[in-house]
Amino acid sequence: LRQLEAIKVDEPTFKKVYRNARKKYDQFSKSTDIYDQSSSLYVNVAGVFLYINKDTYGPELRFATRYLADDWLFIKEMTINADGENFTMSPEFKRDNGDGSIWEWSDARMGESDLAMLVKIATAKKVKLRYDGDKYYHVVSLTKTQQAAIKKMLQIYKGMILKYDEAGTAKNNKGS
């Protein structure tokens, strides 16, 4: 919880943000994916977003990126610059093409060690992401809408850790 200190959430805020989130239940894995309304459902739409996968083991943060263009990058890694601080990630990228466009996307599990980076992305004044490919790179700026969506997902995640989604009152969770 210490790493999420900058993300403010109380029970009423959690309930509002959670209620407004888009949820998708998978009957086979018995898990629910929780997205901000602004996050794309499709891999062939450019974007950057955070979502939560909740199953019987609890909530898991996932960071998704979508690159869409006319030319392949064959992305190997990406660097996020949030107010001058760099964070490098090397998730596995998948690729596809159609109708004259190509798209490359990743969907990476975020651990406790990634929380500081996610908080920085959500609260920074300026965030850019550079996709580094085989020979070329491409830089995109995160929009305020994308940053706000990441912040909302962190609020939901923190609320789940505080158990706002269960009995209605926060339980003491000192081990988090």
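**View 1. A salt bridge joins the side chains of Glu 104 and Arg 95 at 3.5 Å, N to O.** A salt bridge is taken here as a side-chain nitrogen of Lys or Arg within 4 Å of a carboxyl oxygen of Asp or Glu. Glu 104 is buried, at 0% relative accessibility, whereas Arg 95 is partly exposed at 32%. Buried stands for under 20% relative accessible area, exposed for over 50%, and partly exposed for values in between (1.4 Å probe, protein chains only). The model is predicted: local features need pLDDT of at least 70, side-chain atom pairs count only at pLDDT 80 or more, and totals for chains, interfaces and linings use all residues. Residues are numbered from 1 along each chain as its sequence is written, and side-chain values use heavy atoms, with hydrogens and water left out.

**View 2. Strands 7 and 8 run antiparallel and are joined by six bridges.** Helices (H or I, at least four residues) and strands (E, at least two) are DSSP runs numbered from the N terminus; two strands pair if DSSP finds at least two bridges between them. Strand 8 comprises residues 101-110. Within it, Trp 105 stands opposite Lys 94.

**View 3. Six strands form an open sheet in the order 1-2-3-4-8-7, with antiparallel pairing.** Strand 1 (22-26) and strand 7 (93-98) are the edge strands, each pairing on one side only. On average, neighbouring strands of this sheet are turned by 25 degrees against each other, direction ignored. Helix 2 (residues 115-123) packs on the sheet and touches strand 3 (47-55), strand 4 (58-69) and strand 8; contact means heavy atoms within 4.5 Å. The direction of helix 2 makes about 55 degrees with that of strand 4. Axes are lines fitted to C-alpha atoms, for helices over the stretch in contact, and angles run from 0 to 180 degrees between N-to-C directions.

**View 4. Asp 165 and Lys 54 meet through their side chains in a salt bridge of 2.7 Å, N to O.** The pair links distant parts of the chain, 111 residues apart: Asp 165 belongs to the segment after helix 3 (144-161), and Lys 54 to strand 3. Asp 165 is partly exposed, with a relative accessible area of 23%, and Lys 54 is partly exposed with 26%.

**View 5. Lys 120 and Glu 85 form a salt bridge, with the closest N and O atoms 4.0 Å apart.** Because Lys 120 lies in helix 2 and Glu 85 in strand 6 (residues 85-89), the pair ties together parts that are 35 residues apart in sequence. Lys 120 is partly exposed at 25% relative accessible area; Glu 85 is partly exposed at 38%.

**View 6. A network of salt bridges links Glu 60, Arg 62, Asp 107 and Arg 109.** The structure holds 10 salt bridges.
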